[in-house]
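This report describes a single protein chain, working from its overall make-up to particular side-chain pairs. The sequence and structure come first.

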Amino acid sequence: MAKKNNIERAVNAEALGFQVRESYKAARTNIAYSIIKKGCKKVAFTSSSKGEGKTVTAMNVATALAQQVDIKVLVVECDLRRPHVHSALKIAPTPGITNYLNNECEISDIVQPTKVENMKAVSYGAVPPNPSELMASDAMNDFIKAVEKDYDYIIFDTPPVGVVIDAIPIINKSDGVVIVVRDNATTYPELNKTIDILKRTDGKILGVILNRIKLENTKKYKSGGYSYSYGKY
């Protein structure tokens with residue numbers, strides 16, 4: 001329960017300090033200028049391992065995107081083994097993406113409103129025995145093609161690529177991927193492995209977001225123990 005509450009607080013824009021909010025806006029700008037195309041921009045978020053703040057970072061960047069004028073954002077839960085989007089955004093876990101992919105419901109049944117204006121989300125539905133197959137399925141392709149007509153951005157919260165391969169099909173369907181790294185936790189070998197996997201699978205790396213920077217390690221980004229920076233790889 002404590003972990004769930006921490007996730008919810010970290011995605012609460014009112015609880016974030018000024019520098020943290022500005023860092024997310026900077027990440028928003030960098031992402032926008034890294035994808036030059038008309039129509040919906042699809043961005044995947046991944047990490048090297050669990051516990052690096054991937055979901056929190058993805059949700060806060062999505063929120064920053066949705067705060068722009070006339071920008072519509074859809075968040076999609078793609079980490080079907082350890083889903084956290086529903087708890088981060090305080091939405092129902094079901095029905096969700098797995099229910100749609102198994103032909104149990106329609107898209108309109110799984111797209112849920114959030115407390116953020118112009119941002120909607122799709123939860124996981126149920127933890128399946130075959131997440132990799134579902135993410136790579138024709139049904140998932142059809143889902144993305146259907147929803148991208150209605151949104152300016154789709155944010156995919158994918159599993160850590162350093163742990164499982166589930167994220168690769170979604171990353172390949174995206175316009176780019178952002179790697180989330182936790183200060184003083186993620187190791188250089190882990191990050192290098194993640195970068196190597198993404199390069200070998202033709203993932204377009206947009207940049208790296210370093211979060212949870214300890215205050216004694218930096219004077220540039222400070223705010224209540226949470227600090228974020230964005231770096232182009």
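## Basis and overall make-up

A residue is called buried when its relative accessible area is under 20%, exposed when over 50%, and partly exposed in between (1.4 Å probe, protein chains only). On that scale, 55% of the 233 residues of the chain count as buried. The model is predicted: local features need pLDDT of at least 70, side-chain atom pairs count only at pLDDT 80 or more, and totals for chains, interfaces and linings use all residues. Residues are numbered from 1 along each chain as its sequence is written, and side-chain values use heavy atoms, with hydrogens and water left out.

The chain has 10 helices and 8 strands; these are DSSP runs numbered from the N terminus, with H or I over at least four residues for helices and E over at least two for strands. A contact means heavy atoms within 4.5 Å. Among contacts between residues at least 6 apart in sequence, 76% join residues at least 24 apart. The accessible surface of the chain comes to about 11100 Å², with 49% of it belonging to carbon and sulfur atoms; the areas come from the Shrake-Rupley method with a 1.4 Å probe, and for residues only the protein chains shown count as cover.

## Salt bridges

A salt bridge is taken as a side-chain nitrogen of Lys or Arg within 4 Å of a carboxyl oxygen of Asp or Glu. The whole structure holds 8 of them. One joins E22 to K25, with the closest N and O atoms 3.5 Å apart. Both residues belong to helix α2 (residues 18–34), where they are 3 residues apart, about one turn of the helix. E22 is partly exposed at a relative accessible area of 31%, and K25 is partly exposed at 30%.

D175 and K37 form another salt bridge, their closest N and O atoms being 3.3 Å apart. D175 sits in the loop between α9 (167–173) and β6 (176–182) and K37 in the loop between α2 and β1 (41–47), so this pair ties together parts that are 138 residues apart in sequence. D175 counts as buried, at 18% relative accessibility, whereas K37 is partly exposed at 32%. These two residues also belong to a network of salt bridges that links K37, K42, E148 and D175.

The side chains of D157 and K54 meet in a salt bridge with an N to O distance of 2.8 Å. This pair links distant parts of the chain, with D157 in strand β5 (residues 153–157) and K54 in helix α3 (residues 54–66), 103 residues apart. D157 is buried at 0% relative accessibility, and K54 is buried at 7%.

P159 lies in the loop between β5 and α9. Its relative accessibility is 1%, so P159 counts as buried. Leaving aside neighbours within four places in sequence, P159 is in contact with T46, K54, C78, D79, V164, D166 and A167. The C-alpha atoms of P159 and S49 are separated by 8.3 Å, although these residues are 110 apart along the chain.

## Strand pairing

Two strands pair if DSSP finds at least two bridges between them. Strand β2 (residues 73–77) runs parallel to strand β4 (residues 119–122), and 4 bridges join the two. In this pairing V73 stands opposite M119 of β4.

Strand β3 (residues 111–113) pairs with β4 in the antiparallel sense over 3 bridges. V111 has V122 in β4 as its bridge partner. β3 and β4 form a hairpin with 5 residues between them, and N118 in the turn has a positive phi of about 70°.

## Aromatic pair and cysteines

Rings of Phe, Tyr and Trp (its six-membered ring) pair if their centres lie within 6.5 Å; planes under 30 degrees apart count as stacked, over 60 as edge-to-face and the rest as tilted. The search of the whole structure finds 1 aromatic pair. The rings of Y100 and F143 have centres 5.7 Å apart and planes at 55°, so the pair is tilted. Y100 in helix α5 (residues 97–101) and F143 in helix α8 (residues 138–147) are 43 residues apart, and their pairing links distant parts of the chain. Y100 and F143 are both buried.

With a disulfide defined as a pair of cysteine sulfur atoms within 2.5 Å, the count comes to 0 disulfides. C40 is buried with a relative accessible area of 6%, and C105 counts as buried at 15%.
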